[in-house]
Amino acid sequence: MNNIEDEFLDLIQENTKPLDTLMAYYRCAIMEVETKFKVLNEQFSLEYDRNPIESIKTRVKSIDGIVKKVHRKNIPLTLQSIEQNITDIAGVRVVCSFPEDIYLLADCLLQQDDIRLIEKKDYIKKPKDSGYRSLHLIVAVPIFLQDEKREMKVEVQLRTIAMDFWASLEHKVRYKKNIPENEAEQLAVELTECARISAELDNRMQDIRNRIAAAEKTGTDDQIQKQSRIISGTLRKSTNR
Ligand code: 0O2
């Protein structure tokens with residue numbers, strides 16, 4: 001690992017400007033994708049009087065995180081190879097209240113003609129063994145520079161509040177180095193059980209929301225019928241006069 005760190009330090013020293021430029025491009029790509037989600041949220045709020053997005057978090061992967069991934073993937077240590085092979089340098093995490101909103105937002109994003117889907121990993125339909133659930137999309141988005149259009153890769157993670165709560169706690173446990181092995185094992189079992197409970201909670205909350213929407217629709221339909229009965233009754237009376 002030390003070797004690769006030294007190599008990377010050399011790479012940074014030789015390529016400070018190109019590396020800074022590349023990171024700036026990733027930040028621009030994040031802005032593009034974040035804006036797209038903000039626009040969708042705004043539109044839903046206007047049209048359906050509800051916001052599908054609870055929060056959006058963004059980050060550019062740390063140099064340390066990039067180095068670890070280069071090491072894990074055993075890829076060449078060049079900027080070109082990093083850009084080509086590491087697809088989560090730019091990350092956008094979209095947190096929703098309900099699972100159905102995740103798929104709705106993903107579809108809306110992927111329908112946009114400047115977004116190209118590179119990879120989709122559905123850890124909601126097929127959770128990881130740890131219990132991790134989220135929908136991951138790797139997309140390419142264009143950024144428009146002074147005299148160039150450049151496609152950048154962005155990893156979009158879509159998840160519910162419950163999925164996010166679980167993942168942040170599990171992430172903390174995963175990266176704590178000083179937990180005794182047997183305690184770490186018990187925590188992993190406990191977290192897997194919590195993942196199951198949180199998935200059930202998501203489904204029940206979704207079901208409640210769907211029932212509220214159906215009940216509201218029935219209520220509105222009843223009201224419309226009642227009003228049209230009143231109107232036609234009034235009309236009948238006035239024509240009989
Ligand atoms: P960070 O700090 O979030 O950046 P690939 O990139 O396709 O070569 P990778 O990295 O295994 O392979 O992709 P994966 O598993 O589809 O997604 C990686 C990211 O998803 C992680 O990023 C986490 O953010 C999240 N993730 C995936 N599995 C888990 C899990 O079991 N628990 C938690 N808490 N998060 C998970 P990084 O790079 O690990 O970290």
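Reader: Which residue in β2 stands opposite I53?
Author: In this predicted model, strand β1 (residues 53-60) and β2 run antiparallel and are joined by 7 bridges. I53 belongs to that pairing, and the residue opposite it in β2 is C96.

Reader: Which residue in β5 stands opposite V95?
Author: β2 also pairs with strand β5 (residues 149-160), in the parallel sense, over 6 bridges. The residue of β5 that stands opposite V95 is R159.

Reader: How many of the 7 residues of strand β2 are buried?
Author: Strand β2 covers residues 90-96 and is largely enclosed by the rest of the structure. The basis is a count under the 20% limit on relative accessible area. Of the 7 residues of β2, the number buried is 6.

Reader: Is R133 buried or exposed, and what is its relative accessible area?
Author: R133 is found in the loop between β3 (116-122) and β4 (135-144). Beyond its neighbours within four places in sequence, R133 is in contact with residues including R159, M163, A195 and A199. Buried means under 20% relative accessible area. R133 is buried, at 9%.

Reader: Which side chain makes a polar contact of 3.0 Å with that of R133?
Author: S198 and D202 are both among the contacts of R133. The side chain of S198 makes a polar contact with that of R133 at 3.1 Å. The polar contact of 3.0 Å joins R133 to the side chain of D202.

Reader: Is R204 exposed or buried, and at what relative accessible area?
Author: R196 counts as partly exposed at 43%, and E200 is partly exposed at 37%. The limit for exposed is over 50%. R204 is exposed, at 56%.

Reader: What accessible area does the nonpolar patch with I212 have together?
Author: I212 has its place in helix α7 (residues 181-240) and counts as partly exposed at 47% relative accessibility. The patch on the surface is formed by L201, M205, I208 and I212. Their accessible area together is about 370 Å².

Note on methods. Residues numbered from 1 in each chain as written. Predicted model: local features only at pLDDT ≥ 70, side-chain atom pairs only at ≥ 80, totals over all residues. Heavy atoms only, no water. Buried < 20%, exposed > 50% of the residue type's maximum accessible area, 1.4 Å probe, protein only. Helix = DSSP H or I, 4+ residues; strand = E, 2+ residues; numbered from the N terminus. Pairing = 2+ DSSP bridges. Polar contact = N/O pair within 3.5 Å; in protein donor to acceptor, adjacent residues only side chain to side chain. Contact = heavy atoms within 4.5 Å. Patch = residues over 30% accessible without salt bridge, like charges linked within 9 Å, V, L, I, M, F, W, Y side chains within 5 Å. Areas by Shrake-Rupley, 256 points an atom, 1.4 Å probe, with all protein chains shown as cover. Salt bridge = Lys/Arg side-chain N within 4 Å of Asp/Glu carboxyl O.
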